[in-house]
Amino acid sequence: LVLLAQDVTAQFSVQQELMQRHNELRLLQERLEHQNEELLASNAELRLMNEIRSSFISVAAHELRTPLTSIYGFLELLQDTGAENLTPDQQEHLQLMEESTERLLLTLSELLDAARIDSDRLELVLRPAQISDVIDAAILSFESRLLARQQHLELTIPADLPDVLCDPQRIEQVLGHLLSNASKFTPEKGTIRLAVQPTESRDFLRLAVSDQGQGIANGEEDRLFQRFYRSTTVRKNGTPGAGLGLYITRSLVEFHGGD
């Protein structure tokens with residue numbers, strides 16, 4: 001009788017360790033799968049809430065804009081036709097009403113644009129255009145504000161710029177937001193500068209707007225283009241605005257493939 005015996009204590013310990021690690025990995029995998037399911041459900045719920053919010057903003061803005069447009073039109077008509085029958089105080093009150101209504105209409109338009117951006121429903125109508133024509137159109141709608149504050153606008157636009165592929169109305173809107181901010185924070189009789197030049201690759205044009213405002217607090221530069229963000233300077237000065245202008249500006253520029 002020959003008896004062979006082998007000590008398998010170490011081998012058994014290794015197998016037991018491997019089995020334990022395998023069980024732990026299986027438990028971790030099940031836990032991850034469960035967390036992924038919860039995340040998918042949360043994302044679906046967030047998407048639904050976002051769609052509901054965007055739909056509500058769109059409907060509310062449309063419903064408000066219609067009567068406000070009528071009010072604004074009648075205020076303009078009253079100023080044009082009945083100003084001679086009003087006292088100076090009444091004329092001043094009428095002017096304040098018109099400015100407040102105009103500001104409300106602008107805020108509603110910004111809310112609608114932000115809702116379209118958030119729900120990926122904002123579309124560009126791209127066509128070749130001369131950037132100088134787009135700038136002229138933006139300045140034309142902005143001229144009265146410059147005159148009211150006696151501000152000077154300096155333009156630097158090379159004469160040999162090529163046509164750009166863009167949505168002219170949306171680029172005009174971008175310039176409107178930037179010029180509005182520049183005028184808002186520049187002192188009366190101050191200077192605002194708008195310069196255009198090709199990038200180094202010559203694939204894009206760089207539009208730069210600079211002003212003589214007091215500047216931006218350290219640490220706020222990265223947050224300026226966030227939705228509904230209003231800087232410390234804006235809050236301290238009580239400057240009107242919903243904090244959507246620069247968010248819309250950044251989105252429109254990025255939709256054009258720019259920065």
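The lining of the second largest pocket comprises 16 nonpolar, 6 polar and 7 charged residues. The structure examined here is a predicted model. In total, 29 residues line this pocket, and its volume is about 920 Å³. Those lying nearest the pocket centre are Phe-204, Leu-205, Leu-207, Val-253 and Gly-258.

At least two lining residues are supplied by each of strand E3 (164-166), helix H5 (168-185), strand E5 (205-210) and helix H7 (245-255). Helix H7 accounts for the largest share of the lining, with 5 residues.

On the surface, a nonpolar patch is formed by Leu-48, Met-49 and Ile-52. Together these three residues have about 290 Å² of accessible area. Met-49 is located in helix H1, which covers residues 9-82. The relative accessible area of Met-49 is 49%. Met-49 is therefore classed as partly exposed, because exposed requires a value over 50% and buried a value under 20%.

A contrasting case is Ala-138, which is placed in helix H3 (residues 131-140). Ala-138 has a relative accessibility of 2% and so counts as buried, the limit for that class being under 20%. Ala-138 and Gln-169 are 31 residues apart along the chain. The distance between their C-alpha atoms is 9.0 Å.

Backbone geometry was also examined in two loops. Most residues other than glycine have a negative phi. Lys-189, a residue other than glycine, has a positive phi near 65°. Lys-189 is found in the loop between H5 and strand E4 (191-198). With a relative accessible area of 64%, Lys-189 is exposed, because the value is over 50%.

Arg-202 is likewise not a glycine, and its phi is positive at about 65°. Arg-202 belongs to the loop between E4 and E5. The relative accessible area of Arg-202 is 59%, and Arg-202 is therefore also assigned to the exposed class, for which the value must be over 50%.

In outline, the pocket lining includes residues from helices H5 and H7 and from strands E3 and E5. Of the individual residues described, Ala-138 is buried, Met-49 is partly exposed, Lys-189 is exposed and Arg-202 is exposed.

Key
Residues are numbered from 1 along each chain as its sequence is written. This is a predicted model: local features need pLDDT of at least 70, side-chain atom pairs count only at pLDDT 80 or more; totals for chains, interfaces and linings use all residues. Side-chain values use heavy atoms; hydrogens and water are left out. On a 1 Å grid over the protein atoms alone, a cavity is a set of points where a 1.4 Å probe fits but cannot get out, and a pocket is an open set with protein on both sides within 12 Å along at least five of seven lines; lining residues have an atom within 4 Å of a point. Grid points are joined across faces, edges and corners, and a volume is the space filled by probe spheres set on the points. Helices (H or I, at least four residues) and strands (E, at least two) are DSSP runs, numbered from the N terminus. Ala, Val, Leu, Ile, Met, Phe, Trp, Tyr, Cys and Pro count as nonpolar, Asp, Glu, Lys and Arg as charged, and the others, Gly among them, as polar. Patches are made of residues with over 30% relative accessible area and no salt bridge: like charges are joined within 9 Å, nonpolar side chains (Val, Leu, Ile, Met, Phe, Trp, Tyr) within 5 Å. Accessible areas come from the Shrake-Rupley method with a 1.4 Å probe; for residues, only the protein chains shown count as cover. A salt bridge is a side-chain nitrogen of Lys or Arg within 4 Å of a carboxyl oxygen of Asp or Glu. Buried means under 20% relative accessible area, exposed over 50%, partly exposed in between (1.4 Å probe, protein chains only).
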